[in-house]
Amino acid sequence: MAYDSAEWAGLNLWSEREVLVAEFSGVWRLMVARPDCVKVIEAAVKEQPNCKVLCLREDRLQAWDSSLLIFVRQACAWAESQGWDCDLRGLPEGAQNIISMASAVPSAAESDGSAQNSTDLLTRIGEQAISGQKRVGVFLEFIGQLAMDSWAFVRGRAQWRMKDFVVLLQETGPQAVMIVSLLSFLTGLIIAFIGVIQLQKFAADIYVADLVGLAIARELAAVMVGIIMAGRTGAAYAAQIGSMQVNEEVDALTSFGISPIQFLVLPRVLALVLMMPLLCVCANVVGMLGGMVVAVAISEVSVIQYVNELKFAVGLSDFFGGVFKSGVFGLIIAIAGCYRGLSCGRDASSVGLAATSAVVTGITGIVIADALFAVLFNLWGI
Amino acid sequence: MHGITAENLSIGYGEHIVMEGLNFDVRKGEVKVIMGGSGCGKSTLLKHLIGLEPAKAGRILYGDEVFDPSNPRAEQIRRRFGVLFQGGALWSSMTVAENVALPLEQYTDLSAAEIRELVELKLSLVGLGGLGARAPSELSGGMRKRAGLARAIALDPEILFFDEPSAGLDPLSSRRLDELILELRDALGATVVVVTHELASIFAIADRALFLDAATKTVLCDGNPNELLENTSTDPKVRSFLTRGENGSN
């Protein structure tokens with residue numbers, strides 16, 4: 001049986017007792033169409049079912065490149081799947097060398113286990129579920145280790161540097177004040193603006209202070225600061241630790257017996273948990289100030305009336321409830337950032353993924369925690 | 001006397017086994033090179049030896065003590081060795097001097113002045129005296145490696161591990177680093193384990209070399225590289241590796 005295409009990638013197949021011979025001729029280049037390997041071999045096998053050896057050789061082969069190699073590798077894979085032997089001695093020496101070099105070292109796909117990945121939907125769902133379960137296990141292990149290392153810190157046995165902590169405090173707190181203030185001021189301004197327009201219809205302009213005060217103290221200050229810090233600091237934590245992972249700096253710490261969680265994670269978590277409530281207080285003050293600017297500018301409310309109404313409307317429980325929440329949000333952001341950084345891969349793109357993932361995880365965590373707080377505060381009557 | 005012993009050691013990542021049934025030892029005071037082709041598992045073996053990855057099977061002994069990274073006792077063993085990572089792995093948020101000082105601050109009761117003195121000494125040993133105030137980003141590749149080496153020897157380790165010390169260095173810097181490794185071995189009396197595939201380094205520094213083979217996932221031979229080259233019974237793959245394939249064997 002002969003397959004001679006018009007473009008001269010020729011292939012002859014015949015059998016000699018138990019040997020199926022495939023003989024290449026003509027031009028086997030990538031730009032030239034070549035026969036479908038499995039189809040032609042299986043068609044030949046149907047006619048000669050007793051074959052057990054596939055012999056690949058050349059005869060009058062004018063030129064070849066990777067096109068021939070692709071065919072040979074497919075033929076070898078097919079022969080292996082059928083339990084046949086494959087004889088390549090008749091191929092050009094260069095092709096034999098390349099094929100043997102390629103099979104000398106296990107493929108990267110085999111090395112990382114991805115060779116077993118299936119395209120079947122159900123199998124993929126199952127694999128994702130199993131890997132999800134493993135990820136949950138790894139995350140819980142991280143939380144457990146963090147708890148143990150926090151205890152070591154309380155007992156004064158944690159390995160960390162005060163100098164790093166001070167720098168982290170500076171980066172997390174004072175350096176974030178400007179952006180937090182700006183966004184809080186604008187948020188207060190927008191809420192007051194929307195509120196005043198509606199309240200003026202009922203001649204109830206003064207209640208704009210209640211609206212702005214309660215919204216900012218109970219919810220917006222904490223959530224706004226949380227989202228800003230997740231994007232700013234959570235991503236930075238993931239990128240910093242992720243880069244250290246790529247540069248083997250985390251391995252270097254471990255090799256000295258220094259716990260990366262004590263040295264890298266704990267100071268970051270502490271810095272954010274300490275600074276978030278302070279930033280939240282700042283956001284409260286500036287946000288209410290923003291509301292006041294609008295109230296005074298476009299309604300009949302005076303500064304004194306606005307402040308008096310704020311004092312009446314916003315209780316200490318509202319204020320401290322928000323501040324407490326921001327501390328918890330800080331914990332969530334820091335854990336998300338540090339966990340994503342430590343579980344970062346070993347290449348540059350993994351650092352980007354870790355930073356993105358830290359922000360998404362942080363913001364998702366904040367929203368979930370805020371919903372839980374809403375229920376709890378309602379139950380506690382706060 | 002054995003510094004490190006591997007018994008039926010299997011190494012790998014996740015489910016994947018890179019090497020299995022490894023049996024070898026590193027004698028005290030010798031320079032042992034772990035060699036083999038790219039991707040054969042040399043660096044993976046190093047990561048297992050220093051406890052960054054847990055063994056899949058078998059065990060590693062430091063002296064007579066089993067090294068299990070999950071055991072709290074492992075921290076004591078870790079303090080007995082220093083590691084030079086491929087790119088130096090200097091902590092980028094600290095100066096060179098702070099990098100060298102950190103292990104001393106964590107594990108000794110030395111005063112700040114004594115630590116400063118010792119840091120300068122270690123940096124001078126690797127030819128970086130007076131450069132302690134520089135940030136790692138201000139150093140060349142070779143200087144980073146030497147700074148990493150100064151940090152690795154900060155606690156006077158009994159065992160020094162080197163991961164591809166010559167990678168990315170010009171031949172002259174590479175030769176200087178080889179000489180430095182031998183000088184430090186003699187000065188500190190340390191045992192040295194080097195992962196490399198640089199032939200010049202292998203012949204220059206190795207007392208014994210271990211050849212890892214990716215195809216069979218095991219050790220093909222263990223011996224002095226010059227003797228391995230002269231011995232006709234040496235596995236053809238190893239001879240081919242040691243002669244850059246110039247003897248015609250594959």
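These notebook entries record what I looked up in the structure.

**Basis.** I worked with a predicted model, in which local features need pLDDT of at least 70 and side-chain atom pairs count only at pLDDT 80 or more, while totals for chains, interfaces and linings use all residues. Residues are numbered from 1 along each chain as its sequence is written, and chains are lettered from A and ligands numbered from 1 in the order in which they are written.

**Sheet of chain B.** I looked up the strand order and found an open, mixed sheet of six strands, β6-β7-β8-β3-β9-β10. Helices (H or I, at least four residues) and strands (E, at least two) are DSSP runs numbered from the N terminus, and two strands pair if DSSP finds at least two bridges between them. At the edges I found β6 (81-84) and β10 (218-223) of chain B; each has a single partner strand, so one side of each lacks a neighbour in the sheet. I then checked β9 (residues 208-213) of chain B, which pairs with β10(B) in the antiparallel sense over five bridges. Phe211(B) faces Cys221(B) of β10(B).

**Contact between the chains.** I noted that 22 residues of chain B are in contact with 18 residues of chain A; contact requires C-beta atoms, placed from the backbone, within 7 Å. On the chain B side, α2 (74-78) and α3 (96-107) each supply at least two residues. I sorted that side of chain B by class into nine nonpolar, nine polar and four charged residues. Nonpolar covers Ala, Val, Leu, Ile, Met, Phe, Trp, Tyr, Cys and Pro, charged covers Asp, Glu, Lys and Arg, and the others, Gly among them, are polar.

**Arg17(A).** I located Arg17(A) in the loop between β2 (9-16) and β3 (19-28) of chain A. Arg17(A) is exposed, with 10 other C-beta atoms within 10 Å; the exposed class has 12 or fewer such atoms, the buried class 20 or more, and partly exposed lies in between. I also found the C-alpha atoms of Arg17(A) and Trp151(A) separated by 76 Å.

**Helix pair in chain A.** I looked up α10 (residues 260-298) and α12 (residues 316-342) of chain A, which pack at about 150° with axes 8 Å apart. Axes are lines fitted to C-alpha atoms, for helices over the stretch in contact, and angles run from 0 to 180 degrees between N-to-C directions. I therefore recorded α10(A) and α12(A) as roughly antiparallel (over 145 degrees; under 35 is roughly parallel, 65 to 115 roughly perpendicular, the rest oblique). Their contact residues divide into 20 nonpolar, five polar and one charged.

Terms used
Contact = placed C-beta atoms within 7 Å.
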